[in-house]
Amino acid sequence: MKNKGLWIGIIVAAVLLAVFAMGGGEEPNDNQGSGTVDKGDAGNIGEYSLTIDSCRLAEDYDGKPVVIVKYTFKNINDDDPAAFYLTFDDHVYQNGVGLNEAYFLDDSANYNADNQTKEIRKGASIEVEVAYVLNDTSTKIEVEVEELLSFSDKKVTKTFSIA
């Protein structure tokens, strides 16, 4: 192969370009703080706006305690409709341990999970509820939400006392 050196140079350049495009070549800026967490319970994540509004206690069908977290999700994307469950990666922690989602709640919980899958167009917003099985009913919970498919580490967070 006559052009073996040329091909190796092109491949190396392409790999370096990809690394820099993903942010691997950026130096951290200490003047911006962590830059990863929005202060408070609301913020823009990618092309979407999210507010962590409130939480309430309920029970699942087995009588286990659950917390229902209410979010307000707004699409500020120019092009595509979006649904909460395909847009965000939501986590709730108690004592640093992640909680599992609850799927079957007692009827008295008045829980409506339908809005998690509804698509909304640009400018529209919707209230979304997600239920999580608690480890106990006295320890605070920490809610973290980030964009589902993103290289950004930006999050919206909120801590609730549930006791």
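Which residues does Asn115 touch, not counting residues up to four places away in sequence?

**View 1. Surroundings of Asn115 in the predicted model.** Asn115 touches Ile126, Glu127 and Val128, with residues up to four places away in sequence left out of the count; contact means heavy atoms within 4.5 Å. Asn115 lies in the loop between strand 7 and strand 8. With a relative accessibility of 14%, Asn115 counts as buried (buried means under 20% relative accessible area, exposed over 50%, partly exposed in between, with a 1.4 Å probe and protein chains only).

**View 2. A nonpolar surface patch that includes Phe104.** Tyr61, Tyr103 and Phe104 together form this patch, with about 440 Å² of accessible area. Patches consist of residues with over 30% relative accessible area and no salt bridge; like charges are joined within 9 Å, and nonpolar side chains (Val, Leu, Ile, Met, Phe, Trp, Tyr) within 5 Å. A salt bridge is a side-chain nitrogen of Lys or Arg within 4 Å of a carboxyl oxygen of Asp or Glu. Accessible areas come from the Shrake-Rupley method with a 1.4 Å probe, and for residues only the protein chains shown count as cover. Phe104 is located in the loop between strand 7 (97–98) and strand 8 (119–120). The relative accessible area of Phe104 is 63%, so this residue is exposed.

**View 3. Pairing of strand 2 with strand 3.** Strand 2 and strand 3 (residues 48–59) are paired in the antiparallel sense over 4 bridges; two strands pair if DSSP finds at least two bridges between them. Gly43 stands opposite Leu50 in strand 3.

**View 4. Overall context of the close-ups.** The protein has 2 helices and 11 strands; helices (H or I, at least four residues) and strands (E, at least two) are DSSP runs, numbered from the N terminus. Of the 163 residues, 29% are buried.

**Notes.** Residues are numbered from 1 along each chain as its sequence is written. In this predicted model, local features need pLDDT of at least 70 and side-chain atom pairs count only at pLDDT 80 or more, while totals for chains, interfaces and linings use all residues; side-chain values use heavy atoms, leaving out hydrogens and water.
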